[in-house]
Amino acid sequence: MINNVTKEQLRRIAKRIKTTTDTDDCWEHSYAPDKNGYATIYINYQKYRLSRFIYEYHYQEDIPKNMLICHSCDNPKCVNPKHLFIGSHKDNMKDMVNKNRQAKGENQGTSKLTTIEVETILLDCLNNKFNNMSEVSRCYKVSVQQITRILEGESWNHISSKFTKEHNVSLKSIKENTKKSIKENTKNEIIKMLETTNLKQNQIAKMFGVSRHVVGDINKKNK
Ligand SMILES: [Zn+2]
């Protein structure tokens, strides 16, 4: 959770958000958005997506790993906390399909990426956001092969070499982060859910954005 943010930093962020007295309205930010309409802010040199920051700060709640912030209002520029909810990649995809606003073609694997998406993929992989390549592929609606080519420096090398220099990491270690089957803390959270709730394995799987088999395996090994 972001808790080391100063009043001055908050004031500066608030200045860029147009709020209304009606809390049901969309509150749009005036940051320069990326091509999907999302804004990025820096707090103490750490990069945050504005909607994630607002959610965590407002609700004083961590967004679980692998979870996204979705918009009930379908307005990516909106950061009204009332319009933000936590969802899995799958929820978000389903939501997008339902709203019939898929940014990319129907054919998974044939869509082209943009510079910003490639940078986001690298950052997400670096931050251990994904448990495996197919999760990355599902999230960005591109093929596993495309992701592999990026993480092996075969494509988008001009972007990845800049990125690895900036973050002082090797592309190899970013790839390793993504290949690990499942992160230790995610595993522990799943074990806790299995032990303390009556949720079905597929419900838990959905919450963590992993397949039911992953939860099944954890359950078996934990016994
Ligand atoms: Zn809204």
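Of the 223 residues of the chain, 26% count as buried. The model is predicted. The chain contains 11 helices and six strands. Among contacts with a separation of 6 or more, 53% join residues 24 or more positions apart.

Mean pLDDT is 81, and 86% of the residues reach 70 or more. Strand β1 (residues 17-18) has the highest confidence, at 93. Helix α3 (residues 89-98) has the lowest, at a mean of 65. Over residues 100-111, pLDDT stays under 50. For this stretch the model has 13 contacts beyond four places in sequence. Where pLDDT is low, predicted coordinates should not be read in detail.

Helices α4 and α7 form a contact. Two packed helices are described by the angle and the distance between their axes. The axes of α4 (residues 115-126) and α7 (residues 157-167) come within 10 Å. They cross at roughly 40 degrees. The crossing of α4 and α7 is right-handed. From α4, the contact is made by T115, V118, E119, L122 and L126. From α7, I159, S160, F163 and H167 take part. By class, the contact of α4 with α7 has five nonpolar residues, three polar and one charged.

W156 is found in the loop between α6 (144-151) and α7. Its phi is positive, at about 55 degrees, although W156 is not a glycine. W156 has 20 C-beta neighbours inside 10 Å and therefore counts as buried; the cut-off for burial is 20 or more. N168 lies in the loop between α7 and α8 (171-179). N168 is likewise not a glycine, and its phi is positive at about 55 degrees. N168 has 6 C-beta neighbours inside 10 Å, so this residue counts as exposed; exposure requires 12 or fewer.

A positive phi also occurs after helix α5. This helix spans residues 133-140. Within α5, the residues E135, V136, S137, C139 and Y140 are buried. K141 follows α5, and its phi is positive, near 55 degrees.

Definitions and conventions:
Residues are numbered from 1 along each chain as its sequence is written. This is a predicted model: local features need pLDDT of at least 70, side-chain atom pairs count only at pLDDT 80 or more; totals for chains, interfaces and linings use all residues. Helices (H or I, at least four residues) and strands (E, at least two) are DSSP runs, numbered from the N terminus. pLDDT is the predictor's confidence in each residue, from 0 to 100. Two residues are in contact if their C-beta atoms, placed from the backbone, lie within 7 Å. Axes are lines fitted to C-alpha atoms, for helices over the stretch in contact, and angles run from 0 to 180 degrees between N-to-C directions. A crossing is left-handed if the near helix is turned anticlockwise from the far one by less than a right angle, and right-handed if clockwise. Ala, Val, Leu, Ile, Met, Phe, Trp, Tyr, Cys and Pro count as nonpolar, Asp, Glu, Lys and Arg as charged, and the others, Gly among them, as polar.
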